[in-house]
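The following exercises are to be worked through with the sequence and the coordinates at hand. Each task is followed by a solution in steps.

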Amino acid sequence: MEIILVIFAALGLPLWIGFIFYIISLQRKKARQLETQALKSFVAKHQFKLSEDNQIYGSNDDYRVTIQVLSRNDSTSWLHLALVANSKERQSKSLRLQDIEKQIATLLSKRIPAIHGTSEIKLSLSERSVSYKCFEYVNHLELERLLRLYRPLTELLEAYLAVGESGSVAMPILEPIAQDETYVLHKLGSPLRNVATQLVMDIARQNRTQFNDPSFAYICPTCLLRFQIHRVKISSLNQIPYCGCRGCHQSQTFLHNKQVEAVLNAGMTDEWSENQRDIQVNWLARRSLFDFDAVQIIQATDEDVERFAVQVGNDTDAYRAERYGQMKCTVSSKVQLSENTLRILRKTFGEVVVGEKSAS
Ligand SMILES: [Zn+2]
């Protein structure tokens with residue numbers, strides 16, 4: 001051993017340097033072979049294509065993909081992975097609230113493998129895409145490392161689209177996450193830091209293109225409340241507006257340009273009926289308040305009417321409370337209401353009409 005060292009020492013520094021370069025070039029060659037192998041098996045597995053300069057592109061049933069090294073020198077490179085989900089019918093449009101919460105939890109629990117250097121992740125609802133870019137110090141197998149992101153990024157994109165496509169109903173769940181600076185994924189350097197904010201802005205952008213009329217022209221068929229403009233505060237200076245149900249915030253389903261009539265009708269079998277202009281909702285079946293523009297009493301007892309009037313009188317909803325004073329209440333001539341009940345109605349609503357004649 002000592003003899004070998006003496007020989008090396010005698011041959012001098014140039015040989016040492018040459019030896020080190022030889023070892024490095026061997027390692028690089030091996031790394032390139034492994035990289036090419038990894039790329040080939042990846043493209044074969046996912047039916048993508050590999051270009052001569054080892055860039056991956058193409059599409060399969062689920063995604064269109066580009067994976068490339070944007071620029072490379074000896075020690076650094078920009079890597080880029082872009083995925084576009086192919087359009088296909090999704091279940092997400094009918095997601096229930098708890099499913100959305102689950103998807104958001106999935107979305108925010110994704111761990112994108114740590115890559116040294118700077119990285120950025122951009123998701124887009126309208127383009128159905130995710131783009132991951134990182135600037136890193138390259139040792140070897142950099143593309144192979146990027147390939148490992150393929151699966152977590154596809155899962156991230158799927159969850160993002162599922163939540164995004166369920167629309168504004170997700171906003172109240174996203175708002176505290178987007179605001180919370182201490183949220184675990186908001187840690188500096190985490191590529192997922194801004195996912196909740198991106199999602200809020202994406203949903204709001206799509207929402208704005210959907211509603212051209214004033215918000216109150218739309219009614220939530222579940223809550224029977226009119227839509228309003230909500231705002232998501234994503235920073236102290238930035239509030240993002242969107243249009244959605246005053247109660248549940250959803251904007252996927254709605255009734256458009258309808259007058260809503262609260263009806264007290266013991267002879268009505270369904271809770272509500274709809275024609276081209278109006279929706280009639282039987283308060284006797286619903287027993288709770290909703291947004292209505294007029295009242296019609298067709299078949300009801302004094303007790304029913306009084307109970308209804310008490311609910312209206314105690315209504316703390318600001319939007320509705322200021323409208324009752326201008327509202328018309330029609331009482332069918334077939335209903336025999338006591339003078340006391342009529343007095344309560346007159347106190348509650350702006351105008352009370354019995355049969356064809358005004359009773360106010
Ligand atoms: Zn609603």
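**Exercise 1. Locate Phe349, decide whether Phe349 is buried or exposed, and identify what Phe349 touches.**

Step 1. Phe349 is found in the loop between helix H11 (339–348) and strand S16 (351–354). Helices (H or I, at least four residues) and strands (E, at least two) are DSSP runs, numbered from the N terminus. Residues are numbered from 1 along each chain as its sequence is written. The model is predicted: local features need pLDDT of at least 70, side-chain atom pairs count only at pLDDT 80 or more, and totals for chains, interfaces and linings use all residues.

Step 2. A residue counts as buried if 20 or more other C-beta atoms lie within 10 Å of its own, as exposed if 12 or fewer do, and as partly exposed in between, with C-beta atoms placed from the backbone. Phe349 has 22 other C-beta atoms within 10 Å and is therefore buried.

Step 3. Two residues are in contact if their C-beta atoms, placed from the backbone, lie within 7 Å. Leaving aside residues up to four places away in sequence, Phe349 touches Val295, Tyr324, Met327 and Cys329.

Step 4. Phe349 and Ala294 are separated by 55 residues in sequence, yet their C-alpha atoms are 9.4 Å apart.

**Exercise 2. Determine which residues of H11 are buried and what covers them.**

Step 1. Thr341, Ile344, Leu345 and Thr348 are the buried residues of H11. They lie on the same side of H11, because they cover an arc of only 100° around the axis; the arc is that of the directions from the helix axis to the C-beta atoms.

Step 2. The face turned away from this buried side carries the exposed residues Glu339, Asn340 and Lys347.

Step 3. The cover over the buried residues of H11 includes helix H9 (302–313), strand S15 and S16.

**Exercise 3. Trace the strand pairings that involve S11, S13 and S14.**

Step 1. Two strands pair if DSSP finds at least two bridges between them. Strand S11 (residues 259–265) runs parallel to strand S14 (residues 294–299), and five bridges join them. Within this pair, Leu264 has Ile297 of S14 as its bridge partner.

Step 2. S14 also pairs in the parallel sense with strand S15 (residues 328–331), over four bridges. Here Ala294 stands opposite Lys328 in S15.

Step 3. S11 is likewise parallel to S13, with five bridges, and Val260 is the bridge partner of Ile279 in S13.

Step 4. Strand S12 (residues 272–274) is antiparallel to S13, with three bridges. The two form a hairpin with three residues between them, and Ser273 stands opposite Gln280 in S13.

Step 5. Strand S13 (residues 278–282) is largely enclosed by the rest of the structure, because four of its five residues are buried.

**Exercise 4. Describe the hairpin that contains strand S9.**

Step 1. Strand S8 (residues 227–233) and S9 run antiparallel, joined by seven bridges. The hairpin connects S8 to S9 through five residues.

Step 2. His230 stands opposite Tyr242 in S9. Strand S9 (residues 239–245) is mostly covered, with five of its seven residues buried.

**Exercise 5. Examine the span of H7 and the buried residues of H6 and H7.**

Step 1. Helix H7 (residues 195–210) has 16 residues and reaches 23 Å from its first C-alpha to its last. This is close to the 22 Å expected at 1.5 Å a residue, where the expected span is 1.5 Å times one less than the number of residues.

Step 2. The buried residues in H7 include Val195, Leu199, Val200 and Ile203.

Step 3. In helix H6 (residues 171–179), Met171, Leu174 and Ala178 are buried. Their arc of only 65° around the axis puts them on the same side of H6.
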